[in-house]
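Subject: Structure handover

Hi there,

Here is the structure I promised to pass on to you.

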Amino acid sequence: MRNFDGRIAVVTGAAKGQGRSHALALAQRGADLVLVDIAEQIPCASRMGTPEELEETARLVEALGASCLTVKADTRDPQQMRDVAAAAVERFGRIDVLLANAGIAAYGPVREMADDVWRDVVDVNLGGVAATIRAVAPVMAKQRSGRIIATASSVGREGGPNNANYAASKWGVIGLVKSVAIEMAPYGVTVNAFSPMSVSTDMCHNDLTYRLFRPDLAEPTADDVRDTFATLNPMAVPWIEVSDATAAVLFLASDDARYITGVALDVAGGWNAFHCA
Ligand SMILES: NC(=O)c1ccc[n+]([C@@H]2O[C@H](COP(=O)([O-])OP(=O)(O)OC[C@H]3O[C@@H](n4cnc5c(N)ncnc54)[C@H](O)[C@@H]3O)[C@@H](O)[C@H]2O)c1
């Protein structure tokens, strides 16, 4: 089904994980892509994308017949993001879909948290999403159409021990999205958040995350943490697949969602039913 034929989509965090999955699904459905990733490591974060992985996403997108512009950029830098938006418009003439997906995680109790662990997580997850939206929103306002989807999280509507930086940043994303949704509605642009529970990517599957869930084990594996992860949601799923995440994001980006704006869409096995709103 080529329901994104002729659309131009900008995806941040496109080197791997959910960003790559979203990019490939959009390409498969007819969109052309602008792929953005920092493609280098921020020290406190779990393994991030590499230049080779960003190139591999581009190769896979082009193999599906889509055109593609690849930009190595840091979403935290507003000027770099304005340059991305300008390059997208120069190459393709417009931006129809923005997936502000790039994010990082790093853990610790807030009373002991190193300054970079606080700063980098909040700067990327909230500041980076804001810089991305601020760069692209003027383009969409001018063309009087567009879809903006920012990736939040289940912990964007609850607290999480050892996760205050991440939770604060993702709550911030939801506040940002709701505010921009109101501002952009008169321009025919929808702005929504996507709030997944754990997703089966490197951000979920790494030693630091595993140790957080099984501090009793020296070297926990995925099998050791599976049951603990599953206790977080009533459907008892340990983590969702990237395809589950992509399906929700594609819906919000599609014509079917044209009057949906200012929501945070949970894909969380019902974890969200524990939240007050
Ligand atoms: N995996 C999970 O369990 C989970 C759960 C809820 C929400 N999320 C969110 O989903 C989004 C995607 O994460 P993922 O699971 O695909 O993880 P991932 O680590 O596989 O991919 C994240 C990508 O973002 C890129 N990135 C990070 N900071 C960047 C920056 N400043 N500028 C440009 N690119 C940057 C990384 O290089 C990487 O390629 C993130 O916002 C994350 O917070 C993930």
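Which residues of helix 4 and helix 5 meet? Please keep in mind throughout that this is a predicted model. From helix 4 come Val117, Trp118, Val121, Val122, Asn125, Leu126, Val129, Ala130, Ile133, Ala137, Met140 and Ala141. Their partners in helix 5 are Ala164, Asn165, Tyr166, Ala168, Ser169, Lys170, Gly172, Val173, Leu176, Val180 and Met184. Sorted by class, this contact holds 18 nonpolar, 4 polar and 1 charged residues.

As for the geometry, the axes of helix 4 and helix 5 are 8 Å apart and the helices pack at an angle of about 15°. Angles under 35 degrees count as roughly parallel, so helix 4 is roughly parallel to helix 5. Their crossing is right-handed.

Setting aside neighbours within four places in sequence, Ile133 touches Leu98, Pro138, Ile148, Leu176 and Val180. Thr231, by contrast, is 98 residues from Ile133 in sequence, and their C-alpha atoms are 34 Å apart.

Now to the cores. The largest nonpolar core has 49 residues, and Leu26, Leu33, Leu35, Ile42 and Val61 have the most contacts inside it. Elements that each supply at least two residues of this core include strand 1 (8-12), helix 1 (17-28), strand 2 (32-37) and helix 2 (51-63). Helix 8 (242-253) is also one of these elements, and the largest share of the core, 6 residues, comes from helix 8. Another core, of 37 residues, lies apart from it; Val71, Ala85, Ile133 and Ala141 are among its members.

Beyond its neighbours within four places in sequence, Leu35 is in contact with Val11, Ala14, Ala23, Leu54, Thr57, Ala58, Val61, Cys68, Leu69, Thr70 and Val71.

Helix 1 packs against two other helices that I looked at, helix 2 and helix 8.

- With helix 2, the angle is about 20° and the axes are 9 Å apart, which makes helix 1 roughly parallel to helix 2. The crossing is right-handed. Arg20, Ala23, Leu24 and Ala27 of helix 1 meet Glu53, Glu56, Thr57, Leu60 and Val61 of helix 2. By class, that contact has 5 nonpolar, 1 polar and 3 charged residues.
- With helix 8, the angle is about 55° and the axes are 9 Å apart, which makes helix 1 oblique to helix 8. This crossing is right-handed. Gly17, Gln18, Ser21, His22, Ala25 and Leu26 of helix 1 make the contact with Val242, Ser243, Ala245, Thr246, Val249 and Leu250 of helix 8. Here the classes are 6 nonpolar, 6 polar and no charged residues.

Buried means under 20% relative accessible area and exposed over 50%; Asn272 has 26%, so it is partly exposed. Asn272 and Ser195 are 77 residues apart along the chain, with 9.1 Å between their C-alpha atoms.

Happy to go through any of this with you.

Best wishes

Note on methods:
Residues are numbered from 1 along each chain as its sequence is written. This is a predicted model: local features need pLDDT of at least 70, side-chain atom pairs count only at pLDDT 80 or more; totals for chains, interfaces and linings use all residues. Side-chain values use heavy atoms; hydrogens and water are left out. A nonpolar core is a set of buried Ala, Val, Leu, Ile, Met, Phe, Trp, Tyr and Cys residues joined through side-chain atoms within 4.5 Å. Buried means under 20% relative accessible area, exposed over 50%, partly exposed in between (1.4 Å probe, protein chains only). Helices (H or I, at least four residues) and strands (E, at least two) are DSSP runs, numbered from the N terminus. Contact means heavy atoms within 4.5 Å. Axes are lines fitted to C-alpha atoms, for helices over the stretch in contact, and angles run from 0 to 180 degrees between N-to-C directions. Angles under 35 degrees count as roughly parallel, over 145 as roughly antiparallel, 65 to 115 as roughly perpendicular and the rest as oblique. A crossing is left-handed if the near helix is turned anticlockwise from the far one by less than a right angle, and right-handed if clockwise. Ala, Val, Leu, Ile, Met, Phe, Trp, Tyr, Cys and Pro count as nonpolar, Asp, Glu, Lys and Arg as charged, and the others, Gly among them, as polar.
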